[in-house]
Amino acid sequence: MIEFRHPNSQSFFDYWSSLPREGVLPLRSSFLPEKIPRLLPTLSIYELVSEDFIKFRLVGSTIRERVVENYTGKNYLDYVAPERRAKASASLWAPMKQPCGMRVFSNYNLSTGRTIFLEVVVLPVLNDLGENPVILLQSNEIKARDNRSPEEAENLKVITVAGRDFFDIGAGLSDFKD
């Protein structure tokens, strides 16, 4: 299997793996965030509305605290470099199209020049609570380079991918290539 770099990534995967299911994927309704309170601050839920719109449905408090802006309801792709948007969209759709897990190492470049390096674990669920597909993300900071003053507000400027791998959750692997 995969070796996660952050202990919260493993805990998130273990919780997702424990959810009841009839097939490969658990139902969205069986995912109860309140059952994993220590992971809530770094949890996000994205709704895959279309190839051009990936909606932030839930953004954990640690993620919100890293930057000033509230992302809930906004399009994730607005924070990806324009030349990477199609690939970013396809990468987030990949775990739904071929049910699998995905781990991404990402650099979040903030408006102040600060960079955060994250291990992001992406797991799909069947959305029995709505019509669009949903993915769950756990974003854990591996290291940070902080060169800002405490009172300086930050906004997410751009997201870049430093590495990506898929892992089998019972249905094979995506053939997505970055």
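# Chat about a predicted chain

User: Where is Asn 140 found?
Analyst: Asn 140 sits in strand 5, which covers residues 134–145. Keep in mind that this is a predicted model.

User: Buried or exposed, that Asn 140?
Analyst: Asn 140 counts as buried, because its relative accessibility is 1% and the cut-off for buried is under 20%.

User: What does the side chain of Asn 140 make a polar contact with?
Analyst: The partner is the side chain of Ser 9, at 3.1 Å. If you skip neighbours within four places in sequence, Asn 140 is in contact with His 6, Asn 8, Ser 9, Thr 42, Phe 117, Leu 118 and Glu 119.

User: Ok, on to helix 1. Which of its residues are buried?
Analyst: In helix 1 the buried ones are Asn 8, Ser 9, Phe 12, Phe 13, Tyr 15 and Trp 16. Looking down the axis of helix 1, these buried residues fall within an arc of 160°, so they line one face of the helix.

User: And what does the face turned away from the buried side carry?
Analyst: That face of helix 1 carries the exposed residues Pro 7 and Ser 18.

User: How does the span of helix 1 agree with 1.5 Å a residue?
Analyst: Helix 1 has twelve residues, 7–18, so at 1.5 Å a residue it should span 16 Å. The end C-alpha atoms of helix 1 are 17 Å apart, which agrees.

User: What about helix 3, how far does it reach from first C-alpha to last?
Analyst: Helix 3 (residues 85–97) reaches 18 Å with its 13 residues, close to the expected 18 Å. The buried residues of helix 3 are Ala 88, Ser 89, Ser 91, Leu 92, Trp 93, Ala 94, Pro 95 and Met 96.

User: Switching to rings. How many aromatic pairs does a search of the whole structure find?
Analyst: The search turns up 13 aromatic pairs. One of them is Phe 13 with Trp 16, a stacked pair with 6.2 Å centre to centre and 20° between the planes.

User: How far apart are Phe 13 and Trp 16 in helix 1?
Analyst: They are three residues apart in helix 1, so about one helical turn separates Phe 13 from Trp 16. Both Phe 13 and Trp 16 are buried.

User: And why is the pair of Tyr 46 and Phe 56 edge-to-face?
Analyst: Because their planes are at 85°, and over 60 degrees counts as edge-to-face. The ring centres of Tyr 46 and Phe 56 are 5.1 Å apart. Tyr 46 is in strand 1 (residues 43–50) and Phe 56 in strand 2 (residues 53–59), ten residues apart.

User: What are the relative accessibility values of Tyr 46 and Phe 56?
Analyst: Tyr 46 has 4%, so Tyr 46 counts as buried. Phe 56 has 6%, so Phe 56 counts as buried too.

User: Which residues do ring pairs link into a cluster?
Analyst: Tyr 46, Phe 56, Tyr 71, Tyr 76 and Tyr 79 are linked into a cluster by ring pairs.

User: Back to Trp 16: what lies over its face?
Analyst: Arg 21 does, at 4.6 Å from the ring centre of Trp 16.

User: Now Arg 57. Where is it found, and what does its side chain make a polar contact with?
Analyst: Arg 57 is in strand 2, and its side chain makes a polar contact with the side chain of Glu 47 at 3.2 Å. Arg 57 counts as partly exposed, because its relative accessibility is 45%. Leaving out residues up to four places away in sequence, Arg 57 touches Ile 45, Tyr 46, Glu 47 and Thr 72. Arg 57 and Thr 72 are 15 residues apart in sequence, with their C-alpha atoms 5.5 Å apart.

User: What does Val 121 touch?
Analyst: Not counting residues up to four places away in sequence, Val 121 touches Phe 4, Ser 9, Phe 12, Met 102, Leu 136, Leu 137, Gln 138 and Phe 167. Val 121 has its place in strand 4, residues 115–125. With a relative accessible area of 0%, Val 121 is buried.

User: Last one, how many helices and strands does the secondary structure come to?
Analyst: Three helices and six strands, running α-β-β-α-α-β-β-β-β from the N terminus on. Of the 178 residues of the chain, 49% count as buried.

Definitions and conventions. Residues numbered from 1 in each chain as written. Predicted model: local features only at pLDDT ≥ 70, side-chain atom pairs only at ≥ 80, totals over all residues. Heavy atoms only, no water. Helix = DSSP H or I, 4+ residues; strand = E, 2+ residues; numbered from the N terminus. Buried < 20%, exposed > 50% of the residue type's maximum accessible area, 1.4 Å probe, protein only. Polar contact = N/O pair within 3.5 Å; in protein donor to acceptor, adjacent residues only side chain to side chain. Contact = heavy atoms within 4.5 Å. Expected span 1.5 Å × (residues − 1). Arc of directions from axis to C-beta. Phe/Tyr/Trp six-rings, centres within 6.5 Å; stacked < 30°, edge-to-face > 60°. Lys NZ or Arg CZ within 6 Å of the ring centre and 35° of its normal.
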